[in-house]
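Subject: Structure handover

Hello,

Here is the structure I promised to pass on.

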Amino acid sequence: MSPDEAELQLFGQALVCRDELACTLTPGPDTQAEIQRHQAMAERLLRSATVAETPTPEDPEHAPQDAALLRIEAKVDLALELLGRMLAAEQPQSPPRPVRWSRLGAQISVAQARVVGSRHLLSLQLPTGLSLPLRLPVQVLAGVEGADGQHELWLAFPPDTCGLEAALERFLFRQHRRQIAASRRGA
């Protein structure tokens, strides 16, 4: 597949988000069961990120109970942040790089070429405050070497059976809204 065809397939009819994210591309998963397991884990992570970011409704009728719950939630958030930092300190992080992605796939730049059709695991460090990386199974659709020696890759997410595509679309929509709001504040 040519880069233009891959571009159209991944980004032609989908919301596209551009981010600067730490990401890695590793070989595998090879079996359909492994792919589905990674998709299910990614969907759970995206759903958890959504729940963590969703504000609770204000209801004056239950204010004393809500205040206690908010204190507990804040303590849990601090404990999770501490745990995340400890885990992140043990795992090497790649520097942030441009990532363009949609619910259907991603385009990244890497140092080594990958074989078209090969399967990999794309790990993205999300800008959500969660220290867990989002790991998505991908298949290389196309690749081209750039003038700087880097290789541009177009990576397709396999069709999912667990709702990952919808969770990705919701996450990317929120990211896109945040980027628009940030650009308006900066302008």
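Which residues of helix 4 are buried? They are L164, A167, L168, F171, L172, R174 and Q175. Buried means under 20% relative accessible area, exposed means over 50%, and partly exposed lies in between (1.4 Å probe, protein chains only).

Some ground rules. This is a predicted model, where local features need pLDDT of at least 70, side-chain atom pairs count only at pLDDT 80 or more, and totals for chains, interfaces and linings use all residues. Residues are numbered from 1 along each chain as its sequence is written, and side-chain values use heavy atoms, with hydrogens and water left out.

**Layout**

The protein chain has 4 helices and 6 strands. Both are DSSP runs numbered from the N terminus: helices are H or I with at least four residues, strands are E with at least two. The order from the N terminus is α-β-α-α-β-β-β-β-β-α. The chain has 187 residues, and 34% of them are buried. Take the contacts (heavy atoms within 4.5 Å) between residues at least 6 apart in sequence: 74% join residues at least 24 apart.

Helix 4 holds 23 residues. Its expected span is 1.5 Å times one less than that number of residues, which should give 33 Å; the end C-alpha atoms are 33 Å apart, so the two agree.

**Cores**

A nonpolar core is a set of buried Ala, Val, Leu, Ile, Met, Phe, Trp, Tyr and Cys residues joined through side-chain atoms within 4.5 Å. The largest one has 27 residues. W101, L122 and L134 touch the most other members. Among the elements giving two or more residues to this core are strand 1 (17-27), helix 2 (32-53) and strand 5 (134-145). Helix 4 supplies the largest share of this core, 5 residues. Another core, of 7 residues, lies apart from it and includes L10, F11, L141 and W154. In soluble globular proteins, nonpolar side chains tend to be buried together.

A49 is in helix 2. A49 is buried, at a relative accessible area of 1%. The C-alpha atoms of A49 and F171 are 8.4 Å apart, although 122 residues separate the pair along the chain.

**Surface**

The accessible surface of the chain is about 11300 Å², and carbon and sulfur atoms account for 59% of it. Areas come from the Shrake-Rupley method with a 1.4 Å probe; for residues, only the protein chains shown count as cover. L69, I72, V76, L80, L83 and M86 form a nonpolar surface patch, with about 580 Å² of accessible area together. Patches take residues with over 30% relative accessible area and no salt bridge; like charges are joined within 9 Å, nonpolar side chains (Val, Leu, Ile, Met, Phe, Trp, Tyr) within 5 Å. V76 is in helix 3 (residues 63-90). V76 is partly exposed, at 43%.

**Salt bridges**

There are 4 salt bridges. Each needs a side-chain nitrogen of Lys or Arg within 4 Å of a carboxyl oxygen of Asp or Glu. E7 and R100 form one of them (2.4 Å, N to O). E7 is in helix 1 (residues 3-11) and R100 in strand 2, 93 residues apart. R103 pairs with E165 (2.6 Å, N to O) and with E169 (3.4 Å, N to O). Shared partners join R103, E165 and E169 into one network.

**One more item**

A cis peptide bond joins G28 and P29, with omega about -10 degrees. P29 is in the loop between strand 1 and helix 2.

Best wishes
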